[in-house]
Amino acid sequence: FKELMEEEIGGPLTTEQQAFLEQIGRAADRLELLVEDLLDYARLEGGTLAPHLEATDLTVLVRESVESMGPQATNAGVAIGLVAPADGLVVKLDGPRITRVILNLLSNAVKFSPPGGQVRLAVAAEGQGVLVEVADAGPGIDPADAPKLFMPFLQLEAGKVKKQGVGLGLWIGKALVEAHGGTIGVRGGPAGGAVFWFRLPRS
């Protein structure tokens, strides 16, 4: 019905009404992600979430993810920079699942970066695998708190202040990356902020 209203099937909309619909759309998107997190949590707990591996160009996934995050980044006043091989990077992976991991990392990076800040997404070949990094311009993370970030239903104080999510995104991301035979972690950025990364084997 939101889409029908945006198409003005029920009549013309004022600028204020269009703004209200955009807010409704963003809230619905957040709700959908929460539901997906809870469903994936149940699947992981039940041992029924297994990746479907196919040869996939990872650079296509990251570009699509940056485009998808565009509205959220614009609304937050945050720029997203992308560094990826121009000739592509084929990896055997579950496209929708790894896209989910990338989107979660990007969403967190945008959420914790101040207006005018920049998020950097970098993808590169590394030995027999690939490395994906998402760097934010946020307040950074105490190394002692890093392991807590990947625990289910646990949020640090900064996350509680934002009042978004239920603390499952990183835990699910860790499970999905490890199901691919990969690893995931976080470190401090050279100029502040945090850098979340994950590595995957190429085959």
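# Briefing: helices, sheet and turns

Just after helix α6, Gly-181 takes a positive phi of about 80°. The model is a predicted one. Helix α6 is largely enclosed by the rest of the structure, because eight of its 11 residues are buried.

**Strand β5 and its partners**

- Strand β4 covers residues 118-126, and strand β5 covers residues 129-135.
- β4 and β5 pair in the antiparallel sense, over seven bridges.
- The two strands form a hairpin, with two residues between them.
- Gly-127 sits in the turn of this hairpin and has a positive phi of about 60°.
- Leu-121 stands opposite Val-134 in β5.
- Ala-124 has Leu-131 in β5 as its bridge partner.
- β5 also pairs with β7 in the antiparallel sense, again over seven bridges.
- Val-132 has Phe-198 in β7 as its bridge partner.

**Burial of β5**

- Seven of the seven residues of β5 are buried, so the strand is largely enclosed by the rest of the structure.
- In a regular strand the side chains alternate between the two faces of the sheet.
- Both faces of β5 are covered.
- On one side, the buried residues are Gly-129, Leu-131, Glu-133 and Ala-135.

**Helix α6 and its cover**

- Helix α6 spans residues 169-179.
- Its buried residues are Gly-169, Leu-170, Trp-171, Ile-172, Gly-173, Ala-175, Leu-176 and Val-177.
- What covers them includes helices α2 and α4, along with strands β6 and β7 (194-201).
- Gly-173 lies in α6.
- Gly-173 has a relative accessible area of 6%, under the 20% cut-off, so it counts as buried.
- Leaving aside residues up to four places away in sequence, Gly-173 touches Val-101 and Ile-184.
- Gly-173 and Thr-15 are 158 residues apart along the chain, and their C-alpha atoms are separated by 38 Å.

**Packing of α2 with α6**

- Two packed helices are described by the angle between their axes and the distance between the axes.
- Helix α2 (residues 15-46) packs against α6 at an angle of about 45°.
- The axes of α2 and α6 are 10 Å apart.
- The two helices are therefore oblique to each other.
- α2 passes α6 in a left-handed crossing.
- From α2, the contact uses Asp-37, Asp-40, Tyr-41, Leu-44 and Glu-45.
- From α6, it uses Gly-169, Trp-171, Ile-172 and Ala-175.
- By class, the contact of α2 with α6 has five nonpolar, one polar and three charged residues.

**Packing of α3 with α4**

- Helix α4 covers residues 95-112.
- The axes of α3 and α4 come within 9 Å and cross at roughly 35°.
- The crossing of α3 past α4 is right-handed.
- On α3, the contact residues include Leu-58, Leu-61, Val-62, Val-66 and Met-69.
- On α4, they include Ile-98, Ile-102, Leu-103, Leu-106 and Val-110.
- Ser-65 and Ser-68 of α3 are also among the residues in contact, as are Thr-99 and Ser-107 of α4.
- The contact of α3 with α4 divides into 12 nonpolar residues, six polar and no charged.

**Glu-8 in a loop**

- Glu-8 is placed in the loop between α1 (2-6) and α2.
- Glu-8 has a positive phi of about 60°, although it is not a glycine.
- With a relative accessible area of 35%, Glu-8 is partly exposed.

Conventions:
Residues are numbered from 1 along each chain as its sequence is written. This is a predicted model: local features need pLDDT of at least 70, side-chain atom pairs count only at pLDDT 80 or more; totals for chains, interfaces and linings use all residues. Side-chain values use heavy atoms; hydrogens and water are left out. Axes are lines fitted to C-alpha atoms, for helices over the stretch in contact, and angles run from 0 to 180 degrees between N-to-C directions. Helices (H or I, at least four residues) and strands (E, at least two) are DSSP runs, numbered from the N terminus. Angles under 35 degrees count as roughly parallel, over 145 as roughly antiparallel, 65 to 115 as roughly perpendicular and the rest as oblique. A crossing is left-handed if the near helix is turned anticlockwise from the far one by less than a right angle, and right-handed if clockwise. Contact means heavy atoms within 4.5 Å. Ala, Val, Leu, Ile, Met, Phe, Trp, Tyr, Cys and Pro count as nonpolar, Asp, Glu, Lys and Arg as charged, and the others, Gly among them, as polar. Two strands pair if DSSP finds at least two bridges between them. Buried means under 20% relative accessible area, exposed over 50%, partly exposed in between (1.4 Å probe, protein chains only).
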